[in-house]
Amino acid sequence: VIDGGRGFPSYAIPRAYGRFTQFHKKEKDNLEGSGLGLAFCKLAVEELGGRIEIKSLENKGTKVTFILPNKNCS
C-alpha cells in the first residue's frame with residue numbers, strides 16, 4: 001500500500017505500530033482516525049505468520065508492505 005501523504009520521519013518508524021500513535025500532533029485537530037490502523041495490521045499479519053514493513057519519507061509519503069505465507073487450504 002502506497003500513499004502520497006505527509007509521511008513521517010525515519011526515527012518514528014519503530015513507533016509507528018504503537019496503538020493510538022499519530023505523528024502530526026500540530027495538525028491533530030484536523031486529522032481523522034484513532035491511530036490504530038498500523039497496530040491492527042501488524043497484529044493481523046503476524047497472527048497469519050507473515051511480516052510487515054514500513055518505509056516512509058517525511059512530506060513524500062509512506063509505503064507499507066506485507067507478506068503472508070502461502071499455505072494450502074486443503
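These legends accompany close-up views of a predicted model of one protein chain.

**View 1**
Follow the sequence and the pattern reads β-α-β-β. The chain has 74 residues, and buried residues make up 24% of them. Its accessible surface comes to about 6000 Å². Carbon and sulfur atoms account for 53% of that surface. Now take the contacts between residues at least 6 apart in sequence: 41% of them join residues at least 24 apart.

**View 1. The three strands make an open sheet.**
The strand order is β1-β3-β2, and the pairing is antiparallel. Strands β1 and β2 are the edge strands, each pairing on one side only. Strands of a sheet pair through backbone hydrogen bonds, either parallel or antiparallel.

**View 2. Helix α1 packs on the sheet.**
The helix covers residues 37-47. Which strands does helix α1 touch? It touches β2 and β3. The direction of α1 makes about 150° with that of β2.

**View 3. Strand β1 pairs with strand β3.**
Strand β1 covers residues 2-3, while β3 covers residues 61-67. The two strands pair in the antiparallel sense over 2 bridges. Look for Asp 3: its bridge partner in β3 is Thr 62.

**View 4. Strands β2 and β3 form a hairpin.**
Strand β2 spans residues 51-57. How many bridges join β2 to β3? There are 7, and the two strands run antiparallel. Find Leu 57, whose bridge partner in β3 is Gly 61. Between the two strands lie 3 residues. Asn 59 sits in this turn and has a positive phi of about 65°.

Keep one caution in mind: where pLDDT is low, the predicted coordinates should not be read in detail.

Methods
Residues numbered from 1 in each chain as written. Predicted model: local features only at pLDDT ≥ 70, side-chain atom pairs only at ≥ 80, totals over all residues. Heavy atoms only, no water. Pairing = 2+ DSSP bridges. Helix = DSSP H or I, 4+ residues; strand = E, 2+ residues; numbered from the N terminus. Contact = heavy atoms within 4.5 Å. Axes fitted to C-alpha atoms, helices over the stretch in contact; angles between N-to-C directions. Buried < 20%, exposed > 50% of the residue type's maximum accessible area, 1.4 Å probe, protein only. Areas by Shrake-Rupley, 256 points an atom, 1.4 Å probe, with all protein chains shown as cover.
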